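Trainee: Please take one part of this model and go through it closely. I would like helix packing first, then the ligand site and the backbone details.

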Amino acid sequence: MKEQLEQIKAQSMQELESATDLQGLDEIRIKYLGKKGALTSVLRGMGALPPEERPQAGALANQARAAIEAAIEQKDAQLSGQARKAQLAGETLDVTMPGRRHKAGKLHPLTQVLDDVKDIFIGMGFSIAQGPDVELDYYNFEALNIPKNHPARDTQDTFYIDENVVLRTQTSPVQVRVMEKQKPPIRIIAPGMVYRSDAVDATHSPVFHQIEGLVVDKGITMGDLKGTLEVFAHALYGADVKVRFRPHHFPFTEPSAEMDVSCFVCGGEGCRVCKGEGWIEILGAGMVHPKVLAGCGIDPEVYSGFAFGLGLERVTMRRYDIDDLRLFFENDVRFLKQF
Ligand code: DAH
């Protein structure tokens, strides 16, 4: 039995010596010290020994167990240390490595200019109004003093859904919707998409954006229109910009005008952006036609108002000297990231 124990001890030590990981170590523990392990089965055989030999054999067996346990513990400490070192080495963070750049998104140039325009008008006490893109013929035309067969309908190539429903060709119908619901004083702008059955080219798109404006109150005059739009032009294009109004015609305003700003590229000398004119047209405007007011239940004898409409794409193109409208809708990041 003594020899058996010596042999178990020697063999286990040898195996421990060559154990390379914690799992291997555990297998050795089970093989020698486990319930069905080599040492345990030797101890079981002790019952067969003569009683006087048992104490000595027991002591030997305990010694062997203690020696194996101690050796396992030592190896365990060694292997655990190695494992931890390897883990740490694998998780090393090189703080000198260059960081990964995250590309930040940006607002579309149209959104940026729209936000600026909104800020300017909100600063003057306007609020934002909205209307539907799919609009009744009544609001898009009739109520704006553009009856069926009116020549102005030809200039706005309309997408008809049916006889009475269109995709709005302008944001002006929002004026009517607001005046029907709200009594003066009214001060709103209404930005939104408009639709015209135009072929796509550098200056045309079947979908584009307008910003409508409407002010109605007692005693509103053309002077208020000019003052308000001048403040707007200076806020958007700079205090040095000059403004001029030219007579024009719109069915829903009387009198009507177009507003030009002096070219902010050449300052009025004439250049590529203003096509040599020194002026750039940016919006249409006028005093709300008495018929339009009356149609909305607002008494034109008591109230008056002015309205204006501008094209967001046009204003943005002129601001950044962009020469092709299609760029706004292609969403090529090489274009978009410049703004
Ligand atoms: N709705 C006009 C258009 O699409 C623009 C416009 C002109 C709007 C004069 C107005 C206005 O409110 O007073 O061409």
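Mentor: Domain bounds here are taken from an automatic or database domain assignment. That assignment gives domain 1 (2–90) and domain 2 (109–336). Their centres, taken over C-alpha atoms, are 92 Å apart.

Some ground rules. This is a predicted model: local features need pLDDT of at least 70, side-chain atom pairs count only at pLDDT 80 or more, and totals for chains, interfaces and linings use all residues. Residues are numbered from 1 along each chain as its sequence is written, and side-chain values use heavy atoms, with hydrogens and water left out.

Now the helices. Helices (H or I, at least four residues) and strands (E, at least two) are DSSP runs, numbered from the N terminus. Axes are lines fitted to C-alpha atoms, for helices over the stretch in contact, and angles between N-to-C directions run from 0 to 180 degrees.

Start with α1 (residues 2–18) and α4 (residues 54–90). They pack at an angle of about 0°, with axes 10 Å apart. The two are therefore roughly parallel; the cut-offs are under 35 degrees for roughly parallel, over 145 for roughly antiparallel, 65 to 115 for roughly perpendicular, and oblique for the rest. Contact means heavy atoms within 4.5 Å. From α1, the contact uses K2, L5, I8, K9, S12, M13, L16 and E17; from α4, it uses A57, L60, A61, A64, A67, I68, A71, I72 and K75. By class, twelve of these residues are nonpolar, one is polar and four are charged. Nonpolar covers Ala, Val, Leu, Ile, Met, Phe, Trp, Tyr, Cys and Pro; charged covers Asp, Glu, Lys and Arg; the others, Gly among them, are polar.

α1 also meets α2 (residues 22–33). Here the axes come within 10 Å and cross at roughly 170°. α1 and α2 are therefore roughly antiparallel. I8, Q11, S12, E15 and L16 of α1 touch L25, I28, K31 and Y32 of α2. That contact has five nonpolar, two polar and two charged residues.

Next, the ligand. There are 16 residues around it, and Q170, S172, Q175, Q210 and E212 come nearest; a residue is near if one of its heavy atoms lies within 4 Å. Polar contacts are pairs of N or O atoms within 3.5 Å; within protein, one must be able to donate a hydrogen and the other to accept it, and residues adjacent in sequence count only if both atoms are side-chain atoms. A polar side-chain atom of Q170 sits 2.7 Å from a ligand nitrogen. For E212, a polar side-chain atom is 2.5 Å from a ligand oxygen. A307 places a polar backbone atom 3.1 Å from a ligand oxygen.

Last, the backbone. The P184 to P185 peptide bond is cis, with omega near 5°. P185 lies in the loop between α8 (173–181) and β5 (186–195). E254 to P255 is also a cis peptide bond, with omega near -5°. P255 belongs to strand β8 (residues 253–262).
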